Amino acid sequence: MPVTLAGALISLLAALLLGAPAASAVTAATGTPAGTKAPTAALTEIKNFGTNPSNLQMYLYVPNKVAPNPAVVVVVHYCTGSGPAMYSGTEFASLADRYGFIAVYPSVTRASKCFDVSSPQALRHDGGSDPVGIKSMVDWTVRTYHADTGRIFATGTSSGAMMTNVLLGDYPDVFAAGSAFAGVPFACFATTNGSEWNSDCANGAITRTPQQWGDLVRGAYPGYSGPRPRMQLWHGTADATLRYPNFGEEIKQWTNVKGVSQTPARTDSPQSGWTRTRYGSTGDQAPVEAISLQGVGHNLVTSGMAARAITFFGLDTSGPGPQPQPGACRVSATTSTWSTGLTTSVTITNTGTSTLNGWQLGFTLPSGQTITGGWGATYSTASGAVTATNAAYNGTLAPGASVTIGYQANHTGTTSAPGTFMLNGQACTAT
């Protein structure tokens, strides 16, 4: 890394941490067994969270009051930073306290403390390196806390903003939206010589058409045809580390990915010196939102900006609800197995006093099981955290009534049924 760049990044670290509260003690969850929850209201290191090819560390913040089926926000640090520094230096933990989501703080262990946003492995779906490790952190959190797989978000600054772009490109099936503070477009930093730094991109010298930028994102996951995440972009006009032209290139990329016009649907100034443009719609959750900060340098995440990211994610509409308590539902599951396959029959009983008009059953498949077919419900994913949604003919469940659904799955040796279930966000008694 050039000396001048290292100096700039050290200055960024100092600026980010200047005046920030002292880091809270980190609780280490060593050898974390599957399903073991972290202490609340404390930053906790989670180990053994899954596939982790680049030896990232995972830090987790769980508020005292967690919303049922909570959202997950991945908060990604800058070069020379760390997960604990990002926890202490930004407002995302306090926002988690307010709104009940869970925050994940990945942390780099390589010497540069920069995330890999350059290698060919990092720029493709399940290709390896840092994105795979971060995806494992998300999967662990979803399994352990029955998190809502439709509300997974990424945000970060500098290297973390670049990683936010990469995560949304690599895993459009995982992330619903991202907020990138002073980043560059997906694949702008690509290198083939092992270098972590791309000076042409950093200097804003790489220009492509919207279609070319969009094709780079689409090429990261060939064959994927599902919805693409929304993107919020922030950049200072005086950024001397990742220069301002990258902001316009990001807008070109994500408007193309989302299939919306490059002409803003709305332009306003929510704060002095800010110009906010929204593309594709005019509301707080537009497909693409971009905020240009006049005269601002590379250090962006100041007071109030994290809250605007949470608004863009749609997580500020209500606080956490009551903790789910077992007893409003009962679930029994039985499994029949053969050499490489199994079928599981699941009976759901409404033990509450109100009729359910529409239901969703959340559970986590044991490791190595993959659903190949099902009946009685629509299944959201084939492995890991699964949500089964009622069919048209069985969505009404009166008090005391039961419904039976089921699925067929492949397995690699583990043939047990899921052990815990959540019905419409309420923990069920398993029998």
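This report walks through some strands, a helix and a few salt bridges.

## About the model

This is a predicted model, where local features need pLDDT of at least 70, side-chain atom pairs count only at pLDDT 80 or more, and totals for chains, interfaces and linings use all residues. Residues are numbered from 1 along each chain as its sequence is written, and side-chain values use heavy atoms, with hydrogens and water left out.

## Strands around S18

Let's start with S18 (residues 385-390), which runs antiparallel to S15 (residues 360-364) and is joined to S15 by 5 bridges. Strands here are DSSP runs of E, at least two residues, and helices are runs of H or I, at least four residues, numbered from the N terminus; two strands pair if DSSP finds at least two bridges between them. Thr 364 has Ala 385 as its bridge partner in S18.

S17 (residues 377-379) is also antiparallel to S18, with 3 bridges, and Tyr 379 partners Ala 388. Their hairpin has 5 residues between the strands, and there Gly 384 takes a positive phi near 70°.

## One side of helix H9

In H9 (residues 305-313), Met 305, Ala 306, Ala 309, Ile 310, Phe 312 and Phe 313 are buried (under 20% relative accessible area, with exposed over 50% and partly exposed in between, using a 1.4 Å probe and protein chains only). They sit on the same side of H9 because they cover an arc of only 155° around the axis, taken from the directions from the helix axis to the C-beta atoms. Next comes Gly 314, with a positive phi near 80°.

## Salt bridges

A salt bridge puts a side-chain nitrogen of Lys or Arg within 4 Å of a carboxyl oxygen of Asp or Glu, and the count comes to 9. One of them joins Asp 284 and Arg 278 at 2.8 Å, N to O; Arg 278 is buried at 2%, while Asp 284 is partly exposed at 40%.
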